[in-house]
Amino acid sequence: MIGLIDCNNFFVSCERVFSPRLRAPRPVVVLSNNDGCAVALSNEAKALGIKRGDPYFKIEHLCKRHNVAVVSGNHRMYGDLSARVMATIGEIVPDIHIYSVDECFLELDILNNSANLEEDGRNIVRRVRRNTGIPTSLGIAPTMTLAKVAAHFAKKYPGYRSVCIIDSEEKRRKALALTPISSVWGIGRRLSKQLIPRGYDTALKFADMKCSDVERVFNITMQRTWRELNGEACIRPDDENDPHRKQMCSSRSFGKPLTALSDLEQTMGAFATTVGRKLREQHSCAVTIGTFIQTNSFRQDLPQYSNSCHMRLDEPASDNMRLAQGAIECLRRIFREGYAYKRAGLFVHEIVDENAVQASLFISDDERQRRRKLMQAVDAINRLSHTHDSVHIGSYTPLSEFVRRERANRDDKNSPITLIRPF
């Protein structure tokens, strides 16, 4: 049996942990980074007709009329609480597979008695609520896709008391009959447009298709989903959550557009910190690094510009400083004065295992060892502080650029500049 534990209205639940004034029955809406649209809603807000993804300017009058609490998203806090939730679950179930910031799969093969399994599931839900304050729902079934269906019922219907188990053919067919095809994990709205015209508007109708018809019409991914709905486990957690990714990206939209190169350089340092940490967590290094910048395409009254650039590093790296150096070098190639940049990002490609790195002749072993120890110290400090960026890159400025800026700010352009080397 496989379990899927899902945090209920996760962003809203995180805000309610630290702000009692936001707790039910008051409706709550969480906005995106730049307060552009609603990204999370409480059940009370959903009942008012507000939908996720609605632009805030369209729902502002509704929020004021019904005293809806509107908060800006704090994704750093959400990440910290997510880590606490997953750590709490890991203390009970040793084999977990984190699928997203608010979901993880649990391997429950060692528990065979359904009565004990249901009680164990409720213990997990209670422990998470007691330790973190986050309400969760747990779905348990023989396959990952059915576990997602069960988790939806556990969240939607209070009678399940936050735990739903699909452990019989009767329960499986009843659950699938009540599940729209667009809600099935792996199908969604896009693929459901191909199925609904053929008469497959529920998960049960799709699951009742003949095996030969499924193999003839659909690709291997849809065939796996069909088998999973029929109780045959053919998707493993590692298939959907492979830690050894081939590419990574860290990006954001800015609430206030940036026009200065120095501001964009600072954001690249933050992106490098995030990507470097993820690379070290999976014991990998990046071969290629790149950046992109773009203006606000919705502001046609402003000049528009977007560009990207990538480069191969001298040696595959995962340390924050080398990644920041490469990202800022790419940024300077594509930066143009006179534009208000709304979005920027850093991406890495060609990720390789840290034990398979082709070393550069121009970097000494002592330098590699020094960088490795420095990053180990940074990661240790950040783990102890329960955040990802207690120690991070402030900015990256080459010495020549620093001297140029320092002289430009002085009255006496020829006065000597004393540099103190940090140890």
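Me: To start, which residues are linked in a network of salt bridges?
Reply: Asp319, Glu367, Arg370 and Arg371 make up such a network. A salt bridge here is a side-chain nitrogen of Lys or Arg within 4 Å of a carboxyl oxygen of Asp or Glu. Please note that this is a predicted model, in which local features need pLDDT of at least 70 and side-chain atom pairs count only at pLDDT 80 or more, while totals for chains, interfaces and linings use all residues. Residues are numbered from 1 along each chain as its sequence is written, and side-chain values use heavy atoms, without hydrogens or water.

Me: And how many salt bridges does that rule give?
Reply: The count comes to 24 salt bridges.

Me: What does arginine 368 pair with?
Reply: Arginine 368 forms a salt bridge with aspartate 365, and their closest N and O atoms are 2.6 Å apart. The two are three residues apart in helix 15 (residues 365-384), so about one helical turn separates them. Helices (H or I, at least four residues) and strands (E, at least two) are DSSP runs numbered from the N terminus.

Me: Is arginine 368 buried or exposed?
Reply: Arginine 368 is buried, at a relative accessible area of 16%, whereas aspartate 365 is exposed at 60%. Buried means under 20% relative accessible area, exposed over 50%, and partly exposed in between (1.4 Å probe, protein chains only).

Me: Which residue does arginine 126 bridge to?
Reply: Arginine 126 bridges to glutamate 119, with the closest N and O atoms 3.0 Å apart. Arginine 126 is partly exposed at 40% relative accessibility, and glutamate 119 is partly exposed at 39%. Aspartate 201 and lysine 205 also meet in a salt bridge, at 3.0 Å from N to O. Their relative accessibilities make both partly exposed: 35% for aspartate 201 and 41% for lysine 205.

Me: Changing topic to sheets: in what order do the four strands of the open sheet run?
Reply: The order is 9-12-10-11, with antiparallel pairing. Strand 9 (248-258) and strand 11 (306-317) are at the edges with a single partner strand each, so one side of each has no neighbour in the sheet. From one strand to the next, the twist averages 15°. Two strands pair if DSSP finds at least two bridges between them.

Me: How many bridges join strand 9 to strand 12?
Reply: Seven bridges join strand 9 to strand 12 (residues 341-353). Within strand 12, valine 348 stands opposite methionine 248.

Me: Which strands does helix 14 touch?
Reply: Helix 14 (residues 320-334) packs on this sheet and touches strand 10 (284-295), strand 11 and strand 12. The direction of helix 14 makes about 150° with that of strand 11. Contact means heavy atoms within 4.5 Å, and angles run from 0 to 180 degrees between N-to-C directions of axes, which are lines fitted to C-alpha atoms, for helices over the stretch in contact.

Me: What is the pairing in the sheet of five strands?
Reply: The pairing is mixed, and this open sheet has the order 5-6-1-7-8. Strand 5 (96-100) and strand 8 (163-165) are the edge strands, each pairing on one side only. The twist averages 20° between one strand and the next. Strand 7 (residues 136-141) pairs with strand 8 in the parallel sense over three bridges, and isoleucine 140 stands opposite isoleucine 165 in strand 8.

Me: On to helix 7: which of its residues are buried?
Reply: In helix 7 (residues 169-177), Arg172, Ala175 and Leu176 are buried. Viewed down the helix axis, these residues fall within an arc of 95°, so they line one face of helix 7; the arc is that of the directions from the helix axis to the C-beta atoms. The face turned away carries the exposed residues Glu170 and Lys174.

Me: What covers the buried residues of helix 7?
Reply: The cover includes helix 6, helix 9 (203-207) and helix 11 (220-229).

Me: Lastly, how many aromatic pairs are there?
Reply: The count is 12 aromatic pairs. Rings of Phe, Tyr and Trp (its six-membered ring) pair if their centres lie within 6.5 Å; planes under 30 degrees apart count as stacked, over 60 as edge-to-face and the rest as tilted. The rings of tyrosine 157 and tyrosine 160 have centres 6.5 Å apart and planes at 65°, so that pair is edge-to-face.

Me: Which residues form one aromatic cluster?
Reply: Tyr305, Phe335, Tyr339 and Tyr341 form one aromatic cluster.
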